Amino acid sequence: MTGMRPSMLLSSGICCLHRLLPSWRSPVSSTLPQITGRLFITWGILWSFPETHSHILVTPLIISWSITEVIRYSFFGIKESFGFTPSWLLWLRYSTFIVCYPVGMVSEVGLIYIAFPFMKASEKYCIGMPNKWNFSFDYFYFSTFLMALYVPVFPYLLRHMVAQRKKALSKAKTT
């Protein structure tokens, strides 16, 4: 991969923005970390540090995100259009995360780590003291903090998705 296409950045941004809309049925506690992670990886890492584009972790990241979004939007599109979804699509909607979520998470964390030397060298998005706001910001430490958040957030979101899967698939069996 030679570079991030503007269409990929736009697509990722639209997916994230769509989740914030009132019509989205997901709770904020599970949606916000996903949106934050996607935006940070897309713009804060891949767009900001082109050196990461050719890393091997970009491929599983894009594949896992793409599978997830194609299934998600197909599921909701068919459900809204026809009032139901085929059982195979329901199963895919609530089962592919078992593989895609860990693959995506490892890719995201890996790409943040890969970007660390470029963050340090460029000091991109850093604000040093002194300045008129009497405030400093180091993007490297901010990124380290966000990467550390994956430790408690990953199990929380995984438990949420397992519960959603159990609920959706058991409801489908009773109908």
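Visitor: In which helix is the place of Trp47?
Guide: This is a predicted model, in which local features need pLDDT of at least 70 and side-chain atom pairs count only at pLDDT 80 or more, while totals for chains, interfaces and linings use all residues. Residues are numbered from 1 along each chain as its sequence is written, and side-chain values use heavy atoms, with hydrogens and water left out. Helices are DSSP runs (H or I, at least four residues), numbered from the N terminus. Trp47 lies within residues 28-47, that is, in helix α2.

Visitor: Where is the place of Ser48, and is Ser48 buried or exposed?
Guide: Ser48 is in the loop between α2 and α3 (58-82). Buried means under 20% relative accessible area, exposed over 50%, and partly exposed in between (1.4 Å probe, protein chains only). Because its relative accessibility is 2%, Ser48 counts as buried.

Visitor: With which residues is Ser48 in contact, leaving aside its neighbours within four places in sequence?
Guide: Contact means heavy atoms within 4.5 Å. With those neighbours set aside, the partners of Ser48 are Trp43, Lys124 and Tyr125.

Visitor: Which element of the protein chain has the highest mean pLDDT?
Guide: pLDDT is the predictor's confidence in each residue, from 0 to 100. The protein chain averages 88, and 85% of the residues score at least 70. Among its elements, helix α1 (residues 6-20) has the lowest mean, 53, and the highest, 97, belongs to helix α5 (residues 97-122).

Visitor: How many helices does the protein chain have?
Guide: The pattern along the sequence reads α-α-α-α-α-α. With zero strands, the protein chain has a helix count of six.

Notes. Helices (H or I, at least four residues) and strands (E, at least two) are DSSP runs, numbered from the N terminus.
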